[in-house]
Amino acid sequence: MRTHRAIDRALSAVVAAEGLTIPQTEILAMLTKKGPQPQQTLAEGLCVTKGNVAQVIDRLARAGLLTRAEMTGDRRANLLSITPLGREKFERILPGFVSFLETLFAEFSPERSRKLIAELADLEAAVRQPG
């Protein structure tokens, strides 16, 4: 938990330079990488409920960083898309984010980095397993 908090604090400082939070940045990253997504898919990707992610999405929409559109066939669901302004803001954050990770892993060999990433992916998958 201490490691998570330390990394979270450092990354928060990186994204705060653009007036964003880590959850907001994660949403912009997901939309940049995967294109338009339903709100439910973003919530699942962030491991939160649809309701929890709604406030983050509201702030991003008010800032003009993403748009909402009704999904065809389900007026209750929203399809979210990053705007050009949102993509621009994300692209300004990315170098600082990458630099932080490069510094963090500078003492790790490529093999050690791959192993750590694989172990963390396995841990995340285990946590996401129902029951």
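Mentor: Contact here means heavy atoms within 4.5 Å. Keep that in mind as we look at this predicted model.

Trainee: Which residues is Leu60 in contact with, leaving aside its neighbours within four places in sequence?

Mentor: They are Leu20, Gln24, Ile27, Leu28, Leu65 and Leu66. Each is called a contact because it has heavy atoms within 4.5 Å of Leu60.

Trainee: What makes Leu60 and Ile27 stand out in the largest nonpolar core?

Mentor: Of its 22 residues, these two touch the most other members. Helices H1, H2, H3, H4 and H5 and strand E3 each supply at least two residues of this core, and H2 gives the most, with five.

Trainee: What is the volume of the largest pocket, and which residues lie nearest its centre?

Mentor: The volume is about 1,600 Å³. The pocket is lined by 36 residues, with His4, Leu11, Glu26, Phe97 and Glu124 nearest the centre. H2 provides the largest share of that lining, eight residues. By kind, the lining has 25 nonpolar, five polar and six charged residues.

Trainee: How do you know that E1 and E3 pair?

Mentor: Pairing needs at least two bridges, and two bridges join E1 to E3, so they count as a pair. The two strands run antiparallel. Gln37, for instance, has Leu80 in E3 as its bridge partner.

Trainee: Why are E1 and E2 said to stand at the edges?

Mentor: The open sheet has three strands in the order E1-E3-E2. E1 (37–38) and E2 (66–71) each have a single partner strand, so one side of each is left without a neighbour in the sheet.

How values were computed
Residues numbered from 1 in each chain as written. Predicted model: local features only at pLDDT ≥ 70, side-chain atom pairs only at ≥ 80, totals over all residues. Heavy atoms only, no water. Core = buried A, V, L, I, M, F, W, Y, C linked by side-chain atoms within 4.5 Å. Buried < 20%, exposed > 50% of the residue type's maximum accessible area, 1.4 Å probe, protein only. Helix = DSSP H or I, 4+ residues; strand = E, 2+ residues; numbered from the N terminus. 1 Å grid on protein atoms, 1.4 Å probe; cavity = no way out; pocket = protein on both sides within 12 Å on 5 of 7 lines; lining within 4 Å. Points joined across faces, edges and corners; volume = space filled by probe spheres on them. Nonpolar A, V, L, I, M, F, W, Y, C, P; charged D, E, K, R; others polar.
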